[in-house]
Amino acid sequence: MIKIFIESGVNAAQKKGSKRTTNEQNFVETLVAHYFPHAVLGTDYLVVGVNGKDQLPNTQPVFVDNTLQGGTNLVLFDADTRENGGGFAIRKRKLLQQKEELGIEFDLFLWPNNHADGDFESLLMHLINPRHKGLIDCYRRYEKGISRMNRSHKMYMTQGRKGCIYSYIAAMKKNRTAQTEFSHGIWFFDNPEYWNLTSEWVFPLVAFLRQHFH
């Protein structure tokens, strides 16, 4: 089995009866279904949430067990930026060091494209349907307004790309069923009205996955 380890923590595929997921898990499963439709979730592959970039040691037994059973481990983590102590080169070096220290096997891909600084949300920003770009512009004006207010009060927080992406999909009109799905972590990545999964921005990840999803 191919096990794909991501930073977010919820793993609906391993919790029977649970419909909750995370937007990151939802994205990976949707992308695999789009580009590798023969792959069966739960049989051929599984997305495993590790609940944070510093929690990799806690998942060591899962890596080892999958390797012993002839499986493949893939790690999809954020490259991050120097602003939060990361950056592609730094994060890659630390994760490969952990790999050696923990004695585990995995191939590594760092969001957004496996060579630049950034994160999962950095990728999503490039997949947004240009038709709805006004929502992003609106959110950025909102954040600028908060920043101006903080000059004197310093009482408020801005959410950056995470808040921007959340607001983008939250603003879309939904029926009751879709609204419930959204609250459970479904971000409708299979809907071309919202997202472009054929963008060249996903090609590096698709190429990485293709090495394992034959």
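The second largest pocket is lined by Met125, His126, Leu127, Ile128, Asn129, Pro130, Lys133, Ile136, Arg140, Asn196 and Ser199. A pocket here is an open set of points on a 1 Å grid over the protein atoms alone, where a 1.4 Å probe fits, with protein on both sides within 12 Å along at least five of seven lines; lining residues have an atom within 4 Å of a point. Helix α5 (residues 133–150) gives the most to this lining, with 3 residues. Helices are DSSP runs (H or I, at least four residues), numbered from the N terminus.

The model is predicted: local features need pLDDT of at least 70, side-chain atom pairs count only at pLDDT 80 or more, and totals for chains, interfaces and linings use all residues. Residues are numbered from 1 along each chain as its sequence is written, and side-chain values use heavy atoms, with hydrogens and water left out.

The largest pocket is lined by residues including Glu7, Lys53, Asp78, Arg161 and Lys162.

| Pocket | Volume | Lining |
|---|---|---|
| Largest | about 230 Å³ | no nonpolar, 3 polar, 9 charged |

A volume is the space filled by probe spheres set on the points. Asp, Glu, Lys and Arg count as charged.

The largest nonpolar core has 41 residues, and Phe27 and Trp195 have the most contacts inside it. Such a core joins buried nonpolar residues through side-chain atoms within 4.5 Å; buried means under 20% relative accessible area with a 1.4 Å probe, protein chains only. Apart from this core lies another, of 16 residues, among them Ala79, Phe88, Leu95 and Ile104.

Notes. Helix = DSSP H or I, 4+ residues; strand = E, 2+ residues; numbered from the N terminus. Buried < 20%, exposed > 50% of the residue type's maximum accessible area, 1.4 Å probe, protein only.
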